[in-house]
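I opened the model to look up how one chain is divided and how its parts meet. Notes follow in the order in which I made them.

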Amino acid sequence: MGERISVVDYLVLEDGDPYVVANACSGCGATYFERRNACARCFGASFERRRMASTGTVRSYTIVYRAAPEVHVPFVSAIVELDGGGVLKANIRDVEPVPEAIRLGMPVVLTTFVAGTDDDGTEAVAFGYSPARTAREAGPEGVASGARAPVAQEQGNDG
Amino acid sequence: MADDVWILGASMIKFGRLPDKDLLDISSEAALGALADAGASMADIEILAVGNQFEPLGGVGQQLQKQIGQTGIPVYNVTNACATGASALRIVSMAIKAGEAEMGLAVGAEKMGKARLGGGGATAGKAVYERHGRSGAVMSTEGVLGTDFMPGVFAQAGMEYAHHHDGVGFEQFARVAEKNHAHSSLNPLAQYQKVFSLDEVMGSPMMSYPNTLLMCCPTGDGSAAVVVVSGEKLETLDPDVRRRAVKVSASVLTTDPWVDGGHQQPDVNTLTRNAADKAYEQAGVDPQDLDLVELHDCFATAELVHYDNLRLCEPGGAGDFIDSRGPWRDGRIPVNVSGGLISKGHPIAATGVANVYEIVTHLRGEAGDRQIEGATVGLAHVIGLGSTCAVHILEKAVA
């Protein structure tokens, strides 16, 4: 078993439970999940690392069925609004990739998975989001129950 | 009037797959077509702007001059994603507005070939993870951290609208494509001219939910060009030429202002709203005055959100607007009567000029079977991710 590396530098694996960090503008608080020379919002040039929430809600999603050959399809891509601020794009995991299983606005929680292994045996660990389970839903079936619980009444419509 | 900017000539070639013509063939054809339509020649042209996105070595403007007339005038090569052609027009308009030229030529041309979804991160040889780029990615994140491919990005833009507005879902998005395919059946310049039922649209292969294949624009080759003239110069021209001139009442270019998460999912709304509002103000035109609109329907999900962004419907009412057939050619505000990008085609750099060509043709009353009768004012919109938005409002007016 080799080393582990996060697929992007804003996913932190080495500090207990995995979490994401942002480059937050010291002036206005705008958050970026990439290196910035200056803040696009207030033009300030000083940033600090900020640990972001591991919970949020689904603002939008798509289910990708066609992609380049090396991309495993179908997968659910979502835009997640993090609790406490910040927006991230990631896959929704642990659900059937069908519209009926995903509800716009549904709460989600950060999860991690191995996205690949390099020739040295190093595992690349990525993050995604799973439907957040309420206490009642968190039965013996585990995360699978979260996939079925919040069924949308209508495709593309959060009611 | 003397300060106004006018379209004097306009031309586009039939979009499609044109393996026997190179980029200079198609750009020459559109440019010469627009000059002939204007009753002008390269000797009259004082500035040339040529839009092209994919030619790796650039310099297409200078190459085009070698084919249509090398007169020593300034040339600008323009690249602005899907807003490339509109940006070329904007540059020529600004030069005329500034008094640096009386007549100019804007061209957009693209050879795209067949569709390819490539762009993945597969590498040959021994692969060892190393961090690259501003997010320190060790691999292509497509499919790992969501999607960056256009069908999905625009699907997410549409689904965000669905999230905030009841009565918007797969069927409403599909109806957009049903309409545009139907419209294209009247346009001989469209890449495709085939009518599809709503069931056929919804039942075609799913690309990126809710966008099916028939809800995505095709790739293709194409070109379009316009001759632009100052009001002052126009007054000196032959009455028969003047009569067909169309006034550019507004020409606006915007980029995306900062929003939270804009680097994760591009915000296609704010810059479009900003451009539209500025254009309506510049032209003194109300959205309800529009006789037709050509907007950037790269995907059906995109068209629907732009009904709202361009104020064609009540705020939040894009679903009702399409359900009530408001944007059909016999509806309240006809949208994409050309067939739109979805069926007319979307050769990237040609698009922003071709939609102006479409509006001009209707305002002149020369659109044949697809003519919107009595059209006097129209709006052309494009958005290029990155992002750039261009809005032009054109009016039939007496020069």
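I began at the domain boundary: 38 residues of domain 1 of chain B are in contact with 35 residues of domain 2 of chain B. Contact here means that the C-beta atoms of two residues, placed from the backbone, lie within 7 Å.

I then listed the elements that give two or more residues to the domain 1 side, and found β1 (5–12), α3 (84–97), β4 (103–110) and β7 (222–230) of chain B. Helices (H or I, at least four residues) and strands (E, at least two) are DSSP runs, numbered from the N terminus. The largest share of that side, eight residues, comes from α3(B).

By class, I noted 19 nonpolar, 14 polar and five charged residues on the domain 1 side. Ala, Val, Leu, Ile, Met, Phe, Trp, Tyr, Cys and Pro count as nonpolar, Asp, Glu, Lys and Arg as charged, and the others, Gly among them, as polar.

On provenance, this is a predicted model, in which local features need pLDDT of at least 70 and side-chain atom pairs count only at pLDDT 80 or more, while totals for chains, interfaces and linings use all residues. Residues are numbered from 1 along each chain as its sequence is written, and chains are lettered from A and ligands numbered from 1 in the order in which they are written.

I looked up the bounds: domain 1 of chain B covers 5–115 + 220–246, and domain 2 covers 150–216 + 249–396, from an automatic or database domain assignment. Their C-alpha centres lie 23 Å apart.

The C-alpha trace spans about 65 × 55 × 40 Å along its principal axes.
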